Amino acid sequence: MQKTSARLLSLLSLLQARRDWPGAVLAERLDVSPRTLRRDVDRLRELGYPVRAVMGPDGGYRLDAGTQLPPLLFDDEQAVALAVALRTATATGAGIEDGAARALATLRQVMPARLRHRIDALQVTSVARSAPRPEPQADTGVLMALSAAVQAREVLRFDHAPAHPVDSADTVPEAVPPPRRVEPHHLVARGGRWYLVAWDLDREDWRVFRADRITPRTPTGPRFTPRELPGEDVAAFLTGRFRGSEGSADWPCRGTVVLHLPASAVSPHAADGTVEELGPDRCRLTTGSWSWPSLAAAFCLYDTDIEVVGPPALQEAFAGLAGRCAGAAEERSRPR
């Protein structure tokens with residue numbers, strides 16, 4: 001029989017592995033009598049672990065959530081995964097860098113030497129997307145409130161700050177807009193930012209809100225029956241909204257050109273485009289963008305001769321872009 005301390009750790013590990021354990025099965029796994037099992041459960045309770053007895057034909061035990069966070073037990077893979085997640089927390093946009101650093105220090109301190117060496121050997125530098133100014137961080141309290149409303153399926157009221165605040169000194173004060181009323185469906189992290197996907201009750205349409213601009217109001221509203229999200233896939237829905245393509249994850253504008261470059265030179269830069277090799281120095285590229293002028297400009301970035309395959313709207317966009325570029329060149333050549 002194991003020593004009491006080792007047996008308690010084994011018991012705790014089993015209780016964390018699944019929700020309910022029949023008492024007889026636990027006693028058999030630990031190779032102890034039912035009486036010894038009851039004593040070990042009492043010892044865990046004294047240490048702060050909320051182990052609840054489950055009534056029923058078989059009887060058993062369950063590790064419930066408690067009012068305090070007791071010591072946790074992780075296997076090697078869980079400990080390493082948690083450490084890696086904490087190291088990369090700076091790129092989440094959730095404003096938890098300090099808490100993640102302290103949690104990692106605490107975890108590392110109690111790790112066995114073999115795991116500590118593995119974590120120390122993994123040096124990760126999280127780099128957020130480049131931006132002209134620092135990305136705003138979503139408040140963790142706001143994220144928790146939004147997540148709670150999504151899980152409870154309760155109507156949410158909140159104030160939503162504008163994307164570009166105006167200087168109050170240069171404008172006439174306006175009436176404060178009423179709070180938004182939405183049915184929250186998904187809290188999504190994308191590209192270092194957090195978004196709330198919700199049905200706007202006043203505008204009767206789906207909306208995507210930046211979490212860092214949300215100030216929730218209390219209390220929340222009544223419960224609601226979830227609506228069906230267009231496409232039934234939140235990732236595709238969000239991608240379509242950011243691409244300006246309503247009801248589809250594809251770009252609203254898609255065209256094809258022939259570039260006088262080898263396919264191997266184009267493929268690394270084609271993102272979600274399709275590249276077809278036509279010869280040693282020619283390839284066909286099909287890709288999309290949110291507008292025809294922006295798509296034409298994207299093709300020009302390859303700095304080579306271009307043959308437009310279609311559609312006609314892309315040909316017209318190239319003509320308009322050529323006119324703008326010619327005008328800009330003429331303006332620069334004029335004496336000042």
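These legends describe close-up views of a predicted model.

**View 1. The whole protein, by its elements.**
The protein has eleven helices and twelve strands. It holds 336 residues, and buried residues make up 30% of them. Consider the contacts in the protein with a separation of 6 or more: residues 24 or more positions apart account for 57% of these.

**View 2. An open sheet of five strands.**
The strands follow the order β7-β6-β5-β4-β8, and their pairing is antiparallel. Strands β7 (205-210) and β8 (214-217) stand at the edges. Each has a single partner strand, so one side of each is left without a neighbour in the sheet. On average, neighbouring strands of this sheet are turned by 40 degrees against each other, direction ignored.

**View 3. The pairing of β6 with β7.**
Strand β6 covers residues 193-200. Strands β6 and β7 pair in the antiparallel sense, over six bridges. Val197 stands opposite Val208, a residue of β7.

**View 4. The loop between β6 and β7.**
Glu204 is found in this loop, between β6 and β7. Its phi is near 50 degrees. That is a positive value in a residue other than glycine. Glu204 has a relative accessible area of 60%. Exposed means over 50%, so Glu204 is exposed.

**View 5. Helix α7 across the sheet strands.**
Helix α7 is formed by residues 140-152. It lies across four strands: β4 (156-160), β5 (180-190), β6 and β8. Helix α7 runs at about 115 degrees to β5.

**View 6. Helix α8 across β5, β6 and β7.**
Helix α8 spans residues 234-243. The strands it lies across are β5, β6 and β7. Its direction makes an angle of about 80 degrees with β7.

**View 7. The crossing of helices α1 and α2.**
Helix α1 takes in residues 4-17, and helix α2 takes in residues 23-30. Their axes come within 11 Å and cross at roughly 135 degrees. The two helices are therefore oblique to each other. Their crossing is right-handed.

**View 8. The residues where α1 meets α2.**
From α1 come Arg7, Ser10, Leu11, Leu14 and Leu15. They meet Leu26, Arg29 and Leu30 in α2. By class, this contact has five nonpolar, one polar and two charged residues.

Asp31 lies in the loop between α2 and α3 (34-46). Phi of Asp31 is near 60 degrees, which is positive, and the residue is not glycine. The relative accessibility of Asp31 is 60%, so Asp31 counts as exposed.

Thr218 and Pro219 are joined by a cis peptide bond. Omega is about -5 degrees here. Pro219 lies in the loop between β8 and α8.

Pro311 is found in the loop between β12 and α11. Strand β12 covers 306-310, and helix α11 covers 312-333.

Methods
Residues are numbered from 1 along each chain as its sequence is written. This is a predicted model: local features need pLDDT of at least 70, side-chain atom pairs count only at pLDDT 80 or more; totals for chains, interfaces and linings use all residues. Side-chain values use heavy atoms; hydrogens and water are left out. Two strands pair if DSSP finds at least two bridges between them. Axes are lines fitted to C-alpha atoms, for helices over the stretch in contact, and angles run from 0 to 180 degrees between N-to-C directions. Contact means heavy atoms within 4.5 Å. Angles under 35 degrees count as roughly parallel, over 145 as roughly antiparallel, 65 to 115 as roughly perpendicular and the rest as oblique. A crossing is left-handed if the near helix is turned anticlockwise from the far one by less than a right angle, and right-handed if clockwise. Ala, Val, Leu, Ile, Met, Phe, Trp, Tyr, Cys and Pro count as nonpolar, Asp, Glu, Lys and Arg as charged, and the others, Gly among them, as polar. Buried means under 20% relative accessible area, exposed over 50%, partly exposed in between (1.4 Å probe, protein chains only).
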